[in-house]
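Q: I'd like a close look at one part of this structure. Could you pick a spot and walk me through what surrounds it?

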Amino acid sequence: MTTFDFSGLGKTLHPGMDKRSAADRIIENLSTGNLGLNKTSKLTSDVKSVMDCFEVTTNISELLSPACGMTEEEKSAYLAHIQAKLKAGKKLTAEEMRFLQAEYPDLYLQAARVQSMRESFERQLKSCKTKEEAANVFSTSMSMVSDSDPMKEAVTAAYEDAYREYKETDKYKSLPENDKEKREKDS
């Protein structure tokens, strides 16, 4: 049976980390688990094979997680940073969303909903033909946010941030104020 040495993988993934990181734990689990990597006997049971696949999948998932190698304090600080962005209505990066998905799945679902609502609102703004129409889309969207929504603060902040950003674009600045001005411009 072939033996694999994964000892350098952790240092490659996380250079400069002196402590035993998640990668080190994963490598140890991979090299000493029931994978047969350091074993001379053959796997004979289907149950062992299924468990091996699960163990490999779990270890690889942990290795690919954005939180891989983070201490609990670093995870908490990163979560606080993400929550502050959400409350401010800012867009989350793909890495921040992956972190939430891996570490805080409930918050991930809420953040994904907020981000989706923001994107839908941005599409509506881009289709507006006048500044007045854009203001109406904004006020309608804001009025649709329920007081009982647990993410009300994040949703309203996302709408406000998206509207502020849209108003700074050249497209918005070139829009006529209202339908009357649009008709005059078109004729």
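A: Let's start at Gln 115, which touches Leu 86, Lys 90, Lys 91, Leu 92 and Met 97 once residues up to four places away in sequence are set aside; contact here means heavy atoms within 4.5 Å. A word on the source: this is a predicted model, in which local features need pLDDT of at least 70 and side-chain atom pairs count only at pLDDT 80 or more, while totals for chains, interfaces and linings use all residues. Residues are numbered from 1 along each chain as its sequence is written, and side-chain values use heavy atoms, with hydrogens and water left out.

Gln 115 lies in helix H6; helices are DSSP runs (H or I, at least four residues), numbered from the N terminus. Gln 115 counts as buried because its relative accessibility is 10%. Buried means under 20% relative accessible area and exposed over 50%, with partly exposed in between (1.4 Å probe, protein chains only).

One of the partners of Gln 115, Leu 86, is also among the buried residues of H4, together with Lys 75, Tyr 78, Leu 79, Ile 82 and Lys 85. These residues sit on the same side of H4 because they cover an arc of only 120° around the axis, taken from the directions from the helix axis to the C-beta atoms. Their cover includes H5, H6 and H8. On the other side of H4, Glu 73 and Lys 87 are exposed. After H4 comes Gly 89, with a positive phi near 80°.

With 4% relative accessibility, Glu 96 counts as buried.

Leu 79 and Ile 82 are also in contact with Leu 100, as are Leu 92, Pro 105, Leu 107, Tyr 108 and Ala 111, leaving aside neighbours within four places in sequence. Leu 100 and Phe 121 touch the most other members of the largest nonpolar core, which has 29 residues; such a core is a set of buried Ala, Val, Leu, Ile, Met, Phe, Trp, Tyr and Cys residues joined through side-chain atoms within 4.5 Å. H4, H5, H6, H7 and H8 each supply at least two residues of this core, and H8 gives the most, with seven.
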